[in-house]
Amino acid sequence: MGHEIGVLCLGHSGSVVELAFNRDYDNGYFLASAGLDGVATLRHGDTGNWITNLTKHTDSVWSVSLSHDAKILASGGADCKVRVWDALLGKQLKKLTHNKTVACVDLNPKATRLLTGCIDEESSLALFDIEQSDKAPVMEFHGHHRGVRDVTFCLEERCVLSASYDRTVRMWDCLSGKRTNSIFLPHHVKSMELHHSGDIVTIAYAGGVIFLDPKSFEVLKHRKLPYKVTAASLSPNKEIYVCGNNKGYSHKYDYATDVNTQVYVSEEPSAVLALRFSPDGEVCAIGSADGSIILWRMSRKSASVVRDQDDDDDGEENESIS
């Protein structure tokens, strides 16, 4: 096991709390990030090169989601707004007002429907048809007792999966709005993602990581870890998974054996808050509390520093090896 190299992406001045890649990558792929500096950013996912900052939020941005073709981006934040954007042009297309901080958003593949979850006592979880002019949700799901932390479409959009600060993960039927399954965790979920295949959900909580079958709602694997887990992501080929911690370390594990094979840590470590694999599995993006994003190469390539256009830069790349 050894220390690894990665591309350091600068631009956020506040913690990076969520990351999202698009799924279709015939013409390359893109990476969106949510920052507590009130900015959602779009980059080229393979190089980290900056494309645009989305800056209409008036408070922290907590969540981002991309359509599979990366044409549409949704962002939600502490200004109680969900904003839907033309991702590449940076143009706002729609604004949905909520009563509380929007902690999570998820677009369906074609960006025709949108899920939102808020932090409040009623723990509102809502489904929107964003092609309609009506800005009211078409359905709401009720049952969580504290704020909703993560949400995702699953089972070919027939169901919704949500994670809450009430320490539960619940599945909801999109036709009836009723809860169909749930599990209770020792701690609240830190991150939750649906695998590209749709048949595994990766759930990180403080004590470890759980891999869940969304069809049967059975736990496929439960790995307890000797550190405080803050995020986790499973590679597209399901051969490796990465877990981050509050000390700034990202650990790579073999999925079959659970052997810790590699670790990434910056020269000045900062708590890992978000992890996502690129659709080709070549990159694991790491979002940190210091506002940086690391593109951890799964195959060894030269590392560099990438700045957005707001940073002073002479255009040359600088080596950064960790």
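Figure 1. Rings of Phe, Tyr and Trp (its six-membered ring) count as a pair if their centres lie within 6.5 Å, with planes under 30 degrees apart called stacked, over 60 edge-to-face and the rest tilted. By this rule, the count is 8 aromatic pairs. Please keep in mind that this is a predicted model, in which local features need pLDDT of at least 70 and side-chain atom pairs count only at pLDDT 80 or more, while totals for chains, interfaces and linings use all residues. Residues are numbered from 1 along each chain as its sequence is written, and side-chain values use heavy atoms, with hydrogens and water left out. One of the pairs joins phenylalanine 141 and tryptophan 172, tilted at 50° between the planes and 6.0 Å centre to centre. Phenylalanine 141 belongs to strand β13 (residues 139–141) and tryptophan 172 to strand β16 (residues 168–173), so the pair ties together parts that are 31 residues apart in sequence. Strands (E, at least two residues) are DSSP runs, numbered from the N terminus, as are helices (H or I, at least four). Phenylalanine 141 is buried at 1% relative accessibility, and tryptophan 172 is buried at 2%. Here buried means under 20% relative accessible area, exposed over 50% and partly exposed in between (1.4 Å probe, protein chains only).

Figure 2. Tyrosine 264 and tryptophan 296 form a tilted pair, 5.9 Å centre to centre with 45° between the planes. This pair links distant parts of the chain, 32 residues apart: tyrosine 264 in strand β25 (residues 260–265) and tryptophan 296 in strand β28 (residues 293–297). Both tyrosine 264 and tryptophan 296 are buried. Phe211, Tyr241, Tyr253 and Tyr255 make up one aromatic cluster. The charged end of lysine 221 sits over the ring of tyrosine 255, 4.7 Å from its centre; the rule asks for NZ of Lys or CZ of Arg within 6 Å of the ring centre and within 35 degrees of the ring normal.

**Figure 3. Strand β19 between its two neighbours.** In β19 (residues 201–205), 5 of its 5 residues are buried. Val201, Ile203 and Tyr205 are on one side, with Thr202 and Ala204 on the other. Strand β18 (residues 189–194) pairs with β19 in the antiparallel sense over 5 bridges, where pairing needs at least two DSSP bridges. Leucine 194 stands opposite valine 201. In the hairpin of β18 and β19, with 6 residues between the strands, glycine 198 has a positive phi near 85°. β19 also pairs with β20 (residues 208–213), antiparallel over 5 bridges, and a hairpin joins the two through 2 residues.

**Figure 4. The largest pocket.** Its volume is about 780 Å³. Of the 38 lining residues, Arg23, His68, Asp106, Thr152 and Leu194 are the closest to its centre. β14 gives the most to this lining, 5 residues. On a 1 Å grid over the protein atoms alone, a pocket is an open set of points with protein on both sides within 12 Å along at least five of seven lines, a cavity is a set where a 1.4 Å probe fits but cannot get out, and lining residues have an atom within 4 Å of a point. Grid points are joined across faces, edges and corners, and a volume is the space filled by probe spheres set on the points.
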